[in-house]
Amino acid sequence: MTDDKAQSRLFGSLVAGLLSEGRGFRFRAHGRSMHPVIRDGEIVHVKPVAVESLRKNDIVLFAERLNYKAHRLVWIDAQQGKFIARGDCSCATDGVLAIEQILGQVVAKEETLSGEIRVISLSGKRATLQFLVNRLRSKIRNFARGLSVPPRVRRWTAVHKLLLACVFLWSSA
């Protein structure tokens with residue numbers, strides 16, 4: 001355990017030094033809290049960020065004592081400099097974060113497919129839209145699991161199922 005604390009202190013010192021000089025860095029993510037966007041063992045890219053430019057759904061690296069987490073912002077109060085983050089795979093938030101706790105923005109990850117390394121953007125409008133579409137898809141899938149679906153409908157494509165779910169939700173409103 002003391003070795004973990006020493007490693008965390010070293011990581012914190014390196015991060016602070018690099019970001020204060022305006023440099024980005026990469027590190028290997030551990031844990032499943034951001035699954036499926038960031039998987040355990042993937043390399044993530046962090047860049048310095050002006051806190052004023054952060055938006056809801058941005059992924060940030062922040063410090064909680066000696067713990068460092070990369071989680072998505074779910075609430076921002078820019079006037080008071082307060083933020084709330086949560087891992088995509090978690091129901092609980094991380095609590096209120098102060099400006100000083102936010103170290104940088106996670107802007108990309110490295111993904112290995114067929115032995116090739118690709119850099120996938122995790123910031124910007126396209127990444128946010130992809131996240132929201134995946135979240136909607138997941139909610140529809142969970143909703144559909146609760147329904148008794150005839151075998152004929154089970155063979156439908158995802159588009160058919162999405163349209164059916166939209167019609168059902170619209171008619172029940």
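## Overall form

Accessible areas here come from the Shrake-Rupley method with a 1.4 Å probe. By that method, the accessible surface of the chain comes to about 11,900 Å², and 56% of this surface belongs to carbon and sulfur atoms. The model is a predicted one. Of the chain's 173 residues, 30% count as buried.

The chain has four helices and eight strands. Along the sequence these elements follow the pattern α-β-β-β-β-β-β-β-β-α-α-α. Taken along the principal axes, the C-alpha atoms fill a box of roughly 60 × 45 × 30 Å. Among contacts in the chain with a separation of 6 or more, 45% are between residues 24 or more positions apart.

## Strands E1 and E2

Strand E1 covers residues 25-28, and strand E2 covers residues 43-47. The two strands pair in the antiparallel sense, over four bridges. In this pairing, Arg28 stands opposite Ile43 in E2.

E1 has two faces: Phe25 and Phe27 are on the covered one, while Arg26 and Arg28 are on the uncovered one.

Glu42 lies in the loop between E1 and E2. With a relative accessible area of 11%, Glu42 is buried, because the limit for that class is under 20%. Leaving aside residues up to four places away in sequence, Glu42 touches Phe27, Arg28, Ala29, Val37, Lys109, Glu110 and Glu111.

The side chain of Glu42 makes a polar contact with the side chain of Lys109, at 3.4 Å. Glu42 and Lys109 also belong to a network of salt bridges that links them with Glu111 and Arg118.

## Salt bridges

Side chains of opposite charge can pair when their charged atoms come close. The structure holds eight salt bridges. One of them joins the side chains of Arg23 and Glu21, at 3.1 Å from N to O. Arg23 is partly exposed, with a relative accessible area of 48%, whereas Glu21 is exposed at 55%. Another salt bridge is formed by the side chains of Glu64 and Lys69, at 3.0 Å from N to O. Lys69 counts as partly exposed, at 25% relative accessibility.

A further salt bridge is found between the side chains of Arg72 and Asp88, at 2.8 Å from N to O. Arg72 lies in strand E4 (residues 67-77) and Asp88 in the loop between strand E5 (82-86) and strand E6 (96-98), so this pair ties together parts that are 16 residues apart in sequence. Arg72 counts as buried, at 4% relative accessibility, while Asp88 is partly exposed, with a relative accessible area of 23%.

## Cysteines

A search of the whole structure finds zero disulfides. Cys89 is in no disulfide, and the nearest cysteine sulfur to its own, that of Cys91, is 8.6 Å away. Cys91 is likewise in no disulfide, with the sulfur of Cys89 as its nearest cysteine sulfur. The two do not form a disulfide because their sulfur atoms are 8.6 Å apart, and a disulfide needs a pair of cysteine sulfur atoms within 2.5 Å.

Cys89 counts as partly exposed, at 48% relative accessibility. Cys91 is exposed, with a relative accessible area of 78%.

Notes:
Residues are numbered from 1 along each chain as its sequence is written. This is a predicted model: local features need pLDDT of at least 70, side-chain atom pairs count only at pLDDT 80 or more; totals for chains, interfaces and linings use all residues. Side-chain values use heavy atoms; hydrogens and water are left out. Buried means under 20% relative accessible area, exposed over 50%, partly exposed in between (1.4 Å probe, protein chains only). A polar contact is a pair of N or O atoms within 3.5 Å; within protein, one must be able to donate a hydrogen and the other to accept it, and residues adjacent in sequence count only if both atoms are side-chain atoms. Contact means heavy atoms within 4.5 Å. A salt bridge is a side-chain nitrogen of Lys or Arg within 4 Å of a carboxyl oxygen of Asp or Glu. Two strands pair if DSSP finds at least two bridges between them.
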